[in-house]
Amino acid sequence: MIEDFTPQLKAAVAAARVAGDFLKARFSEIKLVNVELPHDIKLQLDKDTQQLITQSLFAHYPHYSVLGEEGESGDMGADYLWIIDPIDGTVNYFYGIPIFCVSIALQVRGKIVLGCVYDPMQDECFTAIAGGVASLNGLPIQVSARKRMAEAVVFVGHGAHDGSGEEGVRRFAHISSQVRKIRILGSAALTLCYIAAARFDAYIENRINLWDFAAARVILESAGGQLEYTPDSAAGHSGAVIAWNGLLPIHAALKMPSK
Ligand code: IPD
């Protein structure tokens, strides 16, 4: 029997909205920094928000496990696993740039079955159940029909991991002459949802964490897009992502000339 994940999606949307409102209410406040790295910042609010999301989800699904940017709870090999990024775009949030979101996915027996990405500043809620239709605030969305790199807007990630920013800049330089515009948004989840909604056409980042894109991947694929993920290692939670509208010749465009 095919399981219907509509109730779980409703729970994810409710949790994402509670978390998003919590973050929006604190957007202009001075934020407590827990960890400061060369290319990343971790806030106390990351932890508080993950706790809020977990509590909200546990109220409906107490036996599901959680893998989040801010820690794990339960058995990571469990059949039902929520994958959470409480603030995707933490550096933006910290600097007062209103481009960030809450991201919640549900993985069932190793497969991501639903995703919810909520941008509280725009009140935009992107959702999808795998195999269904992607939507933005309840209305269906679809990727762009752009086929030529020359008309594409492509996003390059500037990763939090050492070295990945430099690699991003190299790709930025390589691809910039082929496309209409290059952008760096600072939130992988929102970038993927924007491709799903035909606002952008492609996204590349060479080192990204599972919780940054798990929810948005279902939304993108349900909107007709494609995402290739190459894990760094079999056990890890990070890897390289190439995402696009399914039409652009993104691989050919990314090919670097041999030295
Ligand atoms: C980051 C954002 C950013 C991406 C980084 C991520 P975080 O997530 O998604 O766009 O380039 O690789 O780490 O730390 O804000 O959740």
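The report below takes the ligand shell and then the pocket.

## Basis of the model

This is a predicted model, in which local features need pLDDT of at least 70 and side-chain atom pairs count only at pLDDT 80 or more, while totals for chains, interfaces and linings use all residues. Residues are numbered from 1 along each chain as its sequence is written, and side-chain values use heavy atoms, with hydrogens and water left out.

## Ligand shell

Around the ligand there are 16 residues, of which Asp85, Asp88, Gly89, Thr90 and Glu205 come nearest (a residue is near if one of its heavy atoms lies within 4 Å). By class, three of the shell residues are nonpolar, six polar and seven charged. Strand 5 (80-88) and strand 13 (202-209) each give two or more residues to this shell, and strand 5 provides its largest share, three residues.

Oxygen atoms of the ligand lie 2.7 Å from an N or O atom in the side chain of aspartate 88, 2.6 Å from one in the side chain of glutamate 205, and 3.2 Å from a polar side-chain atom of aspartate 212. The ligand taken alone exposes 380 Å², of which the protein buries 92% (Shrake-Rupley method, 1.4 Å probe).

## Second largest pocket

The second largest pocket has a volume of about 200 Å³. Of its 14 lining residues, Lys111, Ile112, Arg217, Val218 and Glu221 are the closest to its centre (lining residues have an atom within 4 Å of a grid point of the pocket). Helix 6 contributes the largest share of the lining, seven residues.

Notes. A polar contact is a pair of N or O atoms within 3.5 Å; within protein, one must be able to donate a hydrogen and the other to accept it, and residues adjacent in sequence count only if both atoms are side-chain atoms. Helices (H or I, at least four residues) and strands (E, at least two) are DSSP runs, numbered from the N terminus. Ala, Val, Leu, Ile, Met, Phe, Trp, Tyr, Cys and Pro count as nonpolar, Asp, Glu, Lys and Arg as charged, and the others, Gly among them, as polar. On a 1 Å grid over the protein atoms alone, a cavity is a set of points where a 1.4 Å probe fits but cannot get out, and a pocket is an open set with protein on both sides within 12 Å along at least five of seven lines; lining residues have an atom within 4 Å of a point. Grid points are joined across faces, edges and corners, and a volume is the space filled by probe spheres set on the points.
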